Amino acid sequence: MQPIAVKPYTVIVDIDGCIFKHRQQGASVQWGTCSELLPGVIEQFDLWEKECACIVLITARKESCRALLEERLLRNGLYWDKLIMGVTSGPRYLINDSKGQGRSAFAYTMNRNGDLRNAWNRVSSGQCHEDAK
């Protein structure tokens, strides 16, 4: 019997507080100098790449910061498919249509500056639509 093929999936991840440490010291500090990776980031990106995931990064950083941000992501060995700049720092909502076979959208709010692997393990196991504790 052939195993059921799983379609590649899309991961949407915020940058500051999920990938890079969020300094909470204003835009000039956060966007100008901060590129400290959080725990689990490299390992999680490697897993997503291995599983052919589409990686979409989002940030409230201004479009004018794109070149600097891309350079810092690449310098840290990170790669992505899409980078969306200038989103608000307010709530983010994910809406997707049903594919007829279970859930097709998941969301999880991780602790700021937490471990990305832990957040992924929770959301990918169905522990989503809840805030981190």
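# Aromatic pairs, salt bridges and surface charge

Reader: Is F45 buried or exposed in this predicted model?
Author: F45 has a relative accessibility of 0%, in a model that is predicted. Since a residue counts as buried under 20% relative accessible area, the class that applies to F45 is buried.

Reader: How many helices and strands does the chain have, and in what pattern do they follow one another along the sequence?
Author: The chain holds four helices and three strands. Of its 133 residues, 32% are buried. Read along the sequence, the elements come in the pattern β-α-α-β-α-β-α.

Reader: What kind of aromatic pair do Y9 and W120 form?
Author: Four aromatic pairs are counted in the structure. In the pair of Y9 and W120, the ring centres lie 5.5 Å apart and the planes meet at 20 degrees. Planes under 30 degrees apart are classed as stacked, and therefore the pair of Y9 and W120 is stacked.

Reader: How many residues apart are Y9 and W120, and what parts of the chain does the pair link?
Author: Y9 belongs to the segment before β1 (10–14), while W120 belongs to helix α4 (residues 116–124), and the pair links these distant parts of the chain. Y9 is partly exposed, with a relative accessible area of 23%, whereas W120 is buried at 16%.

Reader: What kind of aromatic pair do F45 and W48 form?
Author: The ring centres of F45 and W48 are 5.4 Å apart, with 55 degrees between the planes, and the pair is classed as tilted. F45 and W48 are three residues apart in helix α2 (residues 41–50), which means that about one helical turn separates them. W48, like F45, is buried, with relative accessible areas of 1% for W48 and 0% for F45. The geometry of the F45 and W48 pair is tilted.

Reader: What is the N to O distance in the salt bridge of R61 and D16?
Author: Side chains of opposite charge can pair when their charged atoms come close. R61 and D16 meet in a salt bridge that links the loop between β2 (54–58) and α3, which holds R61, to the loop between β1 and α1 (27–33), which holds D16, 45 residues apart. R61 is buried at 1% relative accessibility, and D16 is buried at 9%. The N to O distance of the R61 and D16 salt bridge is 2.6 Å.

Reader: Which residues gather in a patch of negative charge on the surface?
Author: One of the members, D81, is found in the loop between α3 (66–75) and β3 (82–84). D81 counts as partly exposed because its relative accessibility is 45%. The residues that gather in this patch are E43, D46, E49 and D81.

Conventions
Residues are numbered from 1 along each chain as its sequence is written. This is a predicted model: local features need pLDDT of at least 70, side-chain atom pairs count only at pLDDT 80 or more; totals for chains, interfaces and linings use all residues. Side-chain values use heavy atoms; hydrogens and water are left out. Patches are made of residues with over 30% relative accessible area and no salt bridge: like charges are joined within 9 Å, nonpolar side chains (Val, Leu, Ile, Met, Phe, Trp, Tyr) within 5 Å. Accessible areas come from the Shrake-Rupley method with a 1.4 Å probe; for residues, only the protein chains shown count as cover. A salt bridge is a side-chain nitrogen of Lys or Arg within 4 Å of a carboxyl oxygen of Asp or Glu. Lys and Arg count as positive and Asp and Glu as negative; His and the chain ends are not counted. The place of a charge is taken as NZ of Lys, CZ of Arg, CG of Asp or CD of Glu. Helices (H or I, at least four residues) and strands (E, at least two) are DSSP runs, numbered from the N terminus. Buried means under 20% relative accessible area, exposed over 50%, partly exposed in between (1.4 Å probe, protein chains only). Rings of Phe, Tyr and Trp (its six-membered ring) pair if their centres lie within 6.5 Å; planes under 30 degrees apart count as stacked, over 60 as edge-to-face and the rest as tilted.
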